[in-house]
Structure formats: structure tokens, C-alpha cells
Amino acid sequence: MTDPHAALRGLLAGRLRGHERRLRRFAEADWRRYADLLAGALLVAVRRRFVAGQDRAPVIRFVASARERYDPTGHDVDPVLAEALIWAALGERPPVPDSAAAIVARTVLLLALLEDEGLTDSERDEILAAAGACVDDTRT
């Protein structure tokens with residue numbers, strides 16, 4: 001069974017093998033739903049950490065920290081793209097179109113934001129529920 005919500009939950013809980021297995025079974029519609037959920041989860045997590053109109057330095061430091069932790073080669077996450085995703089989530093830039101690079105950057109940023117907060121399972125579930133609501137709101 002392919003379930004984008006369960007795949008994202010597995011990723012956020014650190015169950016990487018199960019996450020990768022689920023992704024391999026995704027059809028095109030599953031990928032679209034997963035990308036939407038990922039974007040929604042990032043939106044929720046960014047807004048828990050940052051605020052619109054704030055100084056740029058904390059965002060730059062956060063992106064550098066996330067890349068240091070999750071992008072050891074330094075080639076997988078474009079810092080300009082990562083910062084644009086954060087500012088877009090805060091409503092200060094236009095949305096970033098979906099692409100493989102954007103999905104990788106969203107994943108890294110989301111993992112880093114949630115790690116920094118040290119969330120419980122129920123708090124992670126709340127973020128996923130809010131992400132689902134964000135996605136559903138944009139489709140109505």
C-alpha cells in the first residue's frame with residue numbers, strides 16, 4: 001500500500017528504510033500528495049520557528065546548520081533555494097515550484113526544524129495533521 005502521509009510520518013520518526021520502501025512504490029498521484037504534505041509540514045514547522053519580517057541572519061544560520069547536519073557533501077541542498085523556501089513559507093517570497101531539488105531541500109529543512117524542537121510523537125503527528133489541513137485548504 002502506498003500512503004504518502006505514512007511515508008512522511010516514517011521519515012519524521014527516523015524510520016528511513018520503511019520510508020524509502022514506501023517511496024519506491026509511489027505512483028505519480030502519491031508523489032504529488034507527498035510533495036504537498038512535505039510542503040505543508042515545512043510551512044507549519046517554519047512558522048513555529050521564524051516570523052515574517054525578522055532579520056535574515058537567523059534564517060541563514062539555520063540553513064547552514066541544516067546543511068551541515070544533513071548534507072555532508074554540500075552539494076544536495078542549494079542554500080539560496082533553502083532560504084527561498086523558508087521566506088516563501090513566511091509569505092515574504094513567491095512559492096517555490098516543486099522540483100527534485102526543492103523536495104530534497106524541504107526534507108532537509110523539515111528534519112532540521114523538527115530535530116531542533118525535539119518534538120514528541122504526538123507533536124509530530126500534530127504537525128502532520130496541520131500539514132494535511134494546509135494541503136486540503138489549498139485544494140478547496
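These legends describe views of a predicted model. Residues are numbered from 1 along each chain as its sequence is written, and side-chain values use heavy atoms, with hydrogens and water left out. Local features need pLDDT of at least 70, side-chain atom pairs count only at pLDDT 80 or more, and totals for chains, interfaces and linings use all residues.

**View 1. The fold has seven helices and zero strands.**
From the N terminus the elements run α-α-α-α-α-α-α. The radius of gyration is 14 Å, close to the 14 Å of the globule rule for 140 residues, so the protein is as compact as a globular protein of that length. That radius is taken over C-alpha atoms, and the rule is 2.2 Å times the number of residues to the power 0.38. Helices are DSSP runs (H or I, at least four residues); strands are E runs of at least two. The C-alpha trace spans about 45 × 40 × 30 Å along its principal axes.

**View 2. Buried residues make up 42% of the 140 residues.**
Buried means under 20% relative accessible area (1.4 Å probe, protein chains only). Of the contacts with a separation of 6 or more, 69% join residues 24 or more positions apart. Contact means heavy atoms within 4.5 Å.

**View 3. Tyrosine 34 sits in helix α3 (residues 28-49).**
Tyrosine 34 is buried, with a relative accessible area of 2%. Leaving aside neighbours within four places in sequence, tyrosine 34 contacts Pro4, Ala7, Leu8, Leu11, His19, Leu23 and Phe26.

**View 4. Tyrosine 34 and tryptophan 87 are 53 residues apart along the chain.**
Their C-alpha atoms are separated by 21 Å.

How values were computed
Buried means under 20% relative accessible area, exposed over 50%, partly exposed in between (1.4 Å probe, protein chains only).
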